[in-house]
Amino acid sequence: MIPIHNKELSTQGIEMLPFKDLSQGPAVPHRDDHYMFILQQKGRSCWTIDFKQWTVEGVSICFVAPVKFTNVY
């Protein structure tokens with residue numbers, strides 16, 4: 001089973017945080033219980049989404065939506 005990152009954010013609402021202030025992202029597959037908009041101004045980022053590799057370069061906007069679950073244990 002793929003773990004869900006529940007209540008990962010410190011507050012509700014909008015939180016803005018530059019990537020340069022973050023450590024490397026999670027190394028294990030997971031799902032999120034929140035929405036994310038990622039605004040990339042420059043550079044390159046690599047993502048694995050639904051077991052497929054994606055590389056985003058240059059100015060980009062990414063949107064990540066949570067998966068809806070009915071019975072999560």
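This is a predicted model: local features need pLDDT of at least 70, side-chain atom pairs count only at pLDDT 80 or more; totals for chains, interfaces and linings use all residues.
**Entry 1: Phe37**

I started with Phe37, which is exposed at a relative accessible area of 61%. For burial I use these classes: buried is under 20% relative accessible area, exposed is over 50%, and partly exposed is in between, with a 1.4 Å probe and protein chains only. The areas come from the Shrake-Rupley method with that 1.4 Å probe, and for residues only the protein chains shown count as cover. Phe37 sits in strand S3.

Residues are numbered from 1 along each chain as its sequence is written, and side-chain values use heavy atoms, with hydrogens and water left out.

**Entry 2: the overall layout**

I looked up the secondary structure next and found 0 helices and 6 strands in the protein chain. Here helices (H or I, at least four residues) and strands (E, at least two) are DSSP runs, numbered from the N terminus. Along the sequence the pattern reads β-β-β-β-β-β. I also checked burial for the chain: 12% of its 73 residues count as buried.

**Entry 3: the aromatic rings**

How many aromatic pairs does a search of the whole structure find? I got 2. My rule was that rings of Phe, Tyr and Trp (its six-membered ring) pair if their centres lie within 6.5 Å; planes under 30 degrees apart count as stacked, over 60 as edge-to-face and the rest as tilted.

Tyr35 and Phe63 make a stacked pair, with 5.9 Å centre to centre and 20 degrees between the planes. Tyr35 lies in the loop between S2 and S3 and Phe63 in strand S6, so this pair ties together parts that are 28 residues apart in sequence. Phe37 and Phe63 make a tilted pair, at 4.9 Å centre to centre and 40 degrees between the planes. With Phe37 in strand S3 and Phe63 in strand S6, the parts tied together here are 26 residues apart in sequence. Tyr35, Phe37 and Phe63 form one aromatic cluster.

**Entry 4: the nonpolar patch**

I then asked which residues make the nonpolar surface patch of about 650 Å². They are Tyr35, Phe37, Leu39, Ile61 and Phe63. Strand S3 (36–40) and strand S6 (60–64) are the elements that give two or more residues to this patch. Patches are made of residues with over 30% relative accessible area and no salt bridge, where like charges are joined within 9 Å and nonpolar side chains (Val, Leu, Ile, Met, Phe, Trp, Tyr) within 5 Å. A salt bridge means a side-chain nitrogen of Lys or Arg within 4 Å of a carboxyl oxygen of Asp or Glu.

Strand S4 (residues 44–49) and strand S5 (residues 52–57) run antiparallel and are joined by 6 bridges. Two strands pair if DSSP finds at least two bridges between them. I traced one partner: Arg44 is bridged to Glu57 in S5. The two strands form a hairpin with 2 residues between them, and Asp50 in the turn has a positive phi of about 50 degrees.

**Entry 5: the cysteines**

I checked Cys46 and Cys62: buried or exposed? Cys46 is exposed at 56% relative accessible area, whereas Cys62 is buried at 18%. I then counted disulfides (a pair of cysteine sulfur atoms within 2.5 Å), and the structure holds 0.

**Entry 6: contacts across the sequence**

Leu17 is in the loop between strand S1 (4–5) and strand S2 (31–32), and I class it as partly exposed because its relative accessibility is 47%. Its C-alpha atom is 9.8 Å from that of Ile38, 21 residues apart along the chain.

Phe19 belongs to the loop between S1 and S2 as well, and it is partly exposed with a relative accessible area of 47%. From Phe19 to Ile38, 19 residues apart along the chain, the C-alpha separation is 9.3 Å.

Last, I looked at Val67, found in the segment after S6. Val67 is partly exposed at 43% relative accessible area.
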